[in-house]
Amino acid sequence: MNEGRVIGLVSGKGGVGKTSICVNLGIALSRLGNEVTLIDTDLSASNLGVYMGRYDHPVKIHEVLSGEATFQEAMFRHPTGVNALVASTEVSDTDPNTSEIGSIFDKAAKTSDYVLVDCAPGLTETVMDVMRGCAEVMVITSPTHTSGTNAAQAVQKAQQMRKPVLGTVVNKVEDNPEMELVDREIEMMTESHILSKIPYDRKMKESLFNKKPLVTYDELSRASVEIRKLAAEMDGKAFEQPKFLKAKRKLRSIKNTLRG
Ligand SMILES: Nc1ncnc2c1ncn2[C@@H]1O[C@H](COP(=O)(O)OP(=O)(O)OP(=O)(O)O)[C@@H](O)[C@H]1O
Ligand SMILES: [Mg+2]
């Protein structure tokens, strides 16, 4: 296998959906026949495992960083078929040295087509080390001024490091142009093009509550369809819109109403 693509999901602003997109995009890419590894680099507020269905593994990325464990010991196979490295949630483990974190990504790339790296919010030194270790950067934002501004800062950092920016994913879109940044504004702020617009979808939280990533919990939901479409575009494959989507959604909503 050739070296896989190492893509860092960065945002600047917290809470815009990096971890949700990392997990769901990863599973969607895996379902297209790719070997995918997800890496949690939110070392002080880890939650990738939670988004994978409250999944845990005894060996964390912290132990690989400190030399106490190998990469192979920390990597595990999730039931969805993706591989993952999770971070510790112990308060005492919050501040490891990350200057060599890129070597972990390189190891993952040797056995993966895609390595998706979930970043912490902010543009801290750790996030800078993570960006340096990635080959490409995908910017995640929501259509607000604050997240747009922070996304623009993340792009500037990537440019300073000469890291190619794949583009921007705009998440939690409610199609309310009076209250939200429009596409052109986001593209101007981030100096990159929009790869995907993922709607605000209450199914995202519902899937988290039910301990299943959205694309496995409800593959017809609006956010699910957009994420699967993004995965197909990244992978150079045609995306077939599920047939009778509107009718199926409507039928399901009637059934739910009847169930009360
Ligand atoms: N498209 C969406 N529609 C509705 N809710 C969403 C959507 N995407 C993410 N969320 C919700 O937004 C919250 C934050 O998402 P997430 O944790 O993925 O963001 P994050 O950028 O990783 O946050 P942090 O910066 O804290 O790591 C979660 O409750 C998640 O369920
Ligand atoms: Mg996160």
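The following exercises, with worked solutions, concern a predicted model.

**Exercise 1. Two helix pairs**

Describe the packing of H5 with H6 and of H7 with H8.

Solution. 
- Step 1. Two packed helices are described by the angle between their axes and the distance between those axes.
- Step 2. For H5 (residues 101-110) and H6 (residues 125-133), the angle is about 35° and the axes lie 8 Å apart. The crossing of H5 and H6 is right-handed.
- Step 3. H5 contributes Ile101, Gly102 and Phe105 to the contact, while H6 contributes Asp129, Val130, Arg132 and Gly133. Sorted by class, this contact of H5 with H6 comprises 3 nonpolar, 2 polar and 2 charged residues.
- Step 4. For H7 (residues 145-160) and H8 (residues 183-190), the angle is about 35°, with the axes 8 Å apart.
- Step 5. On the H7 side, Gly148, Thr149, Ala151, Ala152 and Val155 meet Ile186, Met189 and Thr190 of H8. The classes in the contact of H7 with H8 are 5 nonpolar, 3 polar and no charged residues.

**Exercise 2. The shell around ligand 1**

Determine which residues come nearest to ligand 1 and which elements each supply at least two residues of its shell.

Solution. 
- Step 1. There are 19 residues around ligand 1, of which Gly14, Gly17, Thr19, Ser20 and Pro121 come nearest.
- Step 2. At least two shell residues each are supplied by H1, strand S7 (165-173) and helix H9 (203-209).
- Step 3. By class, the shell around ligand 1 holds 7 nonpolar, 7 polar and 5 charged residues.

**Exercise 3. The setting of Glu219**

Locate Glu219 in the chain and decide whether Glu219 is buried, partly exposed or exposed.

Solution. 
- Step 1. Glu219 belongs to the loop between helix H10 (214-217) and helix H11 (222-234).
- Step 2. Within 10 Å of Glu219 there are 14 other C-beta atoms. A residue counts as buried at 20 or more such atoms and as exposed at 12 or fewer. Glu219 is therefore partly exposed.
- Step 3. Although Glu219 and Ala28 are 191 residues apart in sequence, their C-alpha atoms are 9.9 Å apart in space.

Terms used:
Residues numbered from 1 in each chain as written. Chains lettered and ligands numbered in written order. Predicted model: local features only at pLDDT ≥ 70, side-chain atom pairs only at ≥ 80, totals over all residues. Axes fitted to C-alpha atoms, helices over the stretch in contact; angles between N-to-C directions. Helix = DSSP H or I, 4+ residues; strand = E, 2+ residues; numbered from the N terminus. Left-handed = near helix turned anticlockwise from the far one by under 90°. Contact = placed C-beta atoms within 7 Å. Nonpolar A, V, L, I, M, F, W, Y, C, P; charged D, E, K, R; others polar. Near = placed C-beta within 6 Å.
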